Amino acid sequence: MTWARRRADDAYAALDWLIGQKIADPKRVYVLGRSNGATTTFIIMNRAIGDLHEHMFAGGCAMQPSCYLMKNVEFYAPVRLYLAEKDEATSPVLCRQMAESKRSIPVETVLWKGAHHSFEDHEPLHIFHGYHIDKMPRLRKAPSRRSLVHGLWFLPLRGTACTNVRNGCAP
């Protein structure tokens, strides 16, 4: 997990820079990661890591994370998990168990029915590294990528979002 820790330190350095430049309000900067980046989001939001830094994120969003070994991790701010029901690469069951475990700051989950891992890529059904990859069923006819979140800053991991979603954006 040293790669995740180094990526977490990079995210905190970016957060410090945004705040130092007076570009972002520290109470409105969230971290967003998908798949491997979502697991890094867990490392970033871990209280033990956050307490080492001057500034902390307002919250985190993890899309299709690996929740293996995360059941006892305490987060310092809200974390929302976006899970794909048919995800074979990361277990939505483990993530729901983690979210349901007793913790001081609750973890919220959103389960997308019928979705496979990486559904937001808008790709037709195919096999990638042994896992089914497919766009979300309800997106098959409406491939809009416009963000529903406005006025917030996200630090994306793995290039899955944009940095300024004030006016909406396409990743």
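What pattern does the protein follow when read along the sequence? The order is α-β-α-α-β-β-α-β-β-β-β, made up of four helices and seven strands. Helices (H or I, at least four residues) and strands (E, at least two) are DSSP runs, numbered from the N terminus. This is a predicted model, in which local features need pLDDT of at least 70 and side-chain atom pairs count only at pLDDT 80 or more, while totals for chains, interfaces and linings use all residues. Residues are numbered from 1 along each chain as its sequence is written, and side-chain values use heavy atoms, with hydrogens and water left out.

**Figure 1. Overview of the protein.** Of the 171 residues, 49% count as buried; buried means under 20% relative accessible area, exposed over 50%, and partly exposed in between (1.4 Å probe, protein chains only). Among contacts with a separation of 6 or more, 65% are accounted for by residues 24 or more positions apart, a contact being heavy atoms within 4.5 Å.

Figure 2. A disulfide is a covalent bond between the sulfur atoms of two cysteines, identified here as a pair of cysteine sulfur atoms within 2.5 Å. A search of the whole structure finds one disulfide. Cys67 is joined to Cys95 with an S to S distance of 2.0 Å, and the link is right-handed, with 95 degrees about the S-S bond. Because Cys67 lies in the loop between β2 (59-63) and β3 (79-84) and Cys95 in helix α4 (residues 92-100), the pair ties together parts that are 28 residues apart in sequence. Cys67 is buried at a relative accessible area of 5%, and Cys95 is buried at 1%.

**Figure 3. The contact of helices α1 and α2.** The axes of α1 (residues 2-20) and α2 (residues 36-45) come within 9 Å and cross at roughly 70 degrees. These axes are lines fitted to C-alpha atoms, for helices over the stretch in contact, and angles run from 0 to 180 degrees between N-to-C directions. The two helices are therefore roughly perpendicular to each other (angles under 35 degrees count as roughly parallel, over 145 as roughly antiparallel, 65 to 115 as roughly perpendicular and the rest as oblique). From α1, Trp3, Ala4, Arg5, Arg7, Ala8, Ala11 and Tyr12 meet Asn36, Gly37, Thr40, Ile43 and Ile44 of α2. Nine of the ten residues of α2 are buried, so this helix is largely enclosed by the rest of the structure; Phe42 and Met45 are among them.

**Figure 4. The salt bridge of Glu108 and Arg80.** A salt bridge is a side-chain nitrogen of Lys or Arg within 4 Å of a carboxyl oxygen of Asp or Glu, and by this rule the count comes to one. The closest N and O atoms of Glu108 and Arg80 are 2.9 Å apart. Glu108 lies in strand β4 (residues 107-112) and Arg80 in strand β3, so the pair ties together parts that are 28 residues apart in sequence. Glu108 is partly exposed, with a relative accessible area of 40%, and Arg80 is partly exposed at 31%.

Figure 5. Most residues other than glycine have a negative phi. Lys22, although not a glycine, has a positive phi of about 60 degrees; it is found in the loop between α1 and β1 (29-34) and is exposed, with a relative accessible area of 73%. Ser35 likewise has a positive phi, near 60 degrees. Ser35 is placed in the loop between β1 and α2 and is buried, with a relative accessible area of 16%.
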